[in-house]
Amino acid sequence: MAVLVVFAHPKPDAFAGDLLGAVVGGLAEAGHDVDVVDLYREGFDATLSAEEWRAYPGSDSVLAPSLARYAEKLRGADVLAFVFPMWWSGPPSMLKGFFDRALAPGVAFHLADDGRVSPGLRNIRRIVVATAAEPPGYFSHRSTRHLAHKFARSLRRSTGWTARVTVAWAGPGDAGDPDKQHRFLEHTRGVLARLQ
């Protein structure tokens, strides 16, 4: 399958970078074609402009021309994976900006004149969310798990609720202990190596 991995972390040597390696390694081991979008390295502009916001209601033409390549990647993927740290009970603003700008009307969903919303990413068969609390010990174990699952659930709407979800998350205790980190990375890699 064609896999699009969206990675969001400003420091490639952070634990999230190791998690990215585990995700990509497992998917490659399963024989999938993996394409990684590194939002920070690419200098992705996370700011939703006033023009983009004004175009949202009832429009399938909100996507800025500079984002066309992301739309093409999203439409060509069978699997959509996100690797990011959990900061302040949510993903980094860079990733939120990707949702706001790249997963826009005409791509992730369609807005009809009567206000109805229909899914735009029916091509996505699997969604993978891999995240860890950062810094370790700052957010509760339950909060990290809950938010990871909520993140995946919101993505399923864009697939018409047909995509299956795989969530790999490390709570504060897991992300702060080197042995637990290693086990989490190996487990994540193994799960994704079996992804069909």
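User: Why is Ala168 called buried in this model?
Analyst: The model is predicted. Ala168 has 12% relative accessibility. Buried means under 20%. Ala168 is therefore buried.

User: Where is Ala168 placed, and which residues does Ala168 touch?
Analyst: Ala168 sits in strand S7, residues 164-170. Leaving out residues up to four places away in sequence, Ala168 touches Val129, Ala130, Thr131, Phe184 and Thr188. Contact here means heavy atoms within 4.5 Å.

User: How far apart are Ala168 and His149, in sequence and in space?
Analyst: They are 19 residues apart in sequence. From C-alpha to C-alpha, Ala168 and His149 are 9.3 Å apart.

User: What makes His32 count as buried?
Analyst: His32 has 9% relative accessibility. The cut-off for buried is under 20%, so His32 counts as buried. His32 lies in the loop between helix H1 (15-29) and strand S2 (33-38).

User: Which backbone atoms does the side chain of His32 reach?
Analyst: One is the backbone nitrogen of Met1, at 3.2 Å. Another is the backbone oxygen of Leu195, at 2.7 Å. A polar contact needs N or O atoms within 3.5 Å. Beyond neighbours within four places in sequence, His32 is in contact with Met1, Val3, Leu27 and Leu195.

User: Why is Trp161 called partly exposed?
Analyst: Trp161 has 36% relative accessibility. Buried is under 20% and exposed is over 50%, with partly exposed in between. Trp161 therefore counts as partly exposed. Trp161 lies in the loop between H5 and S7. Its phi is near 65°, a positive value in a residue other than glycine.

User: How many aromatic pairs does the whole structure hold?
Analyst: The search finds five. Phe15 and Phe184 form one of them, with 6.2 Å centre to centre and 40° between the planes.

User: Why is the pair of Phe15 and Phe184 called tilted?
Analyst: Ring centres must lie within 6.5 Å to pair. Planes under 30 degrees apart count as stacked, over 60 as edge-to-face and the rest as tilted. At 40°, Phe15 and Phe184 are therefore tilted. Phe15 lies in helix H1 and Phe184 in helix H7 (residues 178-193), so the pair ties together parts 169 residues apart in sequence. Both Phe15 and Phe184 are buried.

User: What makes Phe44 and Phe98 a tilted pair?
Analyst: Their ring centres are 5.6 Å apart and their planes are at 55°, so the pair is tilted. Phe44 lies in the loop between S2 and helix H2 (50-55), and Phe98 lies in helix H4. The pair therefore ties together parts 54 residues apart in sequence.

User: How do you know whether Phe44 and Phe98 are buried or exposed?
Analyst: Phe44 has a relative accessible area of 6%, so Phe44 is buried. Phe98, at 1% relative accessibility, also counts as buried. Ring pairs link Phe44, Tyr70 and Phe98 into a cluster.

User: Which residues line the largest cavity, and how do they divide by class?
Analyst: The lining is Leu80, Leu103, Leu121, Ile124, Ile127, Leu155, Ser158 and Thr159. Six are nonpolar, two are polar and none are charged. About 30 Å³ of space lies in this cavity.

User: What lines the largest pocket?
Analyst: The largest pocket holds about 600 Å³ of space. Of its 22 lining residues, the closest to its centre are Phe99, Ser154, Leu155, Arg157 and Ser158. H5 supplies the largest share, seven residues. By class, the lining has 14 nonpolar, five polar and three charged residues.

How values were computed: Residues are numbered from 1 along each chain as its sequence is written. This is a predicted model: local features need pLDDT of at least 70, side-chain atom pairs count only at pLDDT 80 or more; totals for chains, interfaces and linings use all residues. Side-chain values use heavy atoms; hydrogens and water are left out. On a 1 Å grid over the protein atoms alone, a cavity is a set of points where a 1.4 Å probe fits but cannot get out, and a pocket is an open set with protein on both sides within 12 Å along at least five of seven lines; lining residues have an atom within 4 Å of a point. Grid points are joined across faces, edges and corners, and a volume is the space filled by probe spheres set on the points. Ala, Val, Leu, Ile, Met, Phe, Trp, Tyr, Cys and Pro count as nonpolar, Asp, Glu, Lys and Arg as charged, and the others, Gly among them, as polar. Helices (H or I, at least four residues) and strands (E, at least two) are DSSP runs, numbered from the N terminus. Buried means under 20% relative accessible area, exposed over 50%, partly exposed in between (1.4 Å probe, protein chains only). A polar contact is a pair of N or O atoms within 3.5 Å; within protein, one must be able to donate a hydrogen and the other to accept it, and residues adjacent in sequence count only if both atoms are side-chain atoms. Rings of Phe, Tyr and Trp (its six-membered ring) pair if their centres lie within 6.5 Å; planes under 30 degrees apart count as stacked, over 60 as edge-to-face and the rest as tilted.
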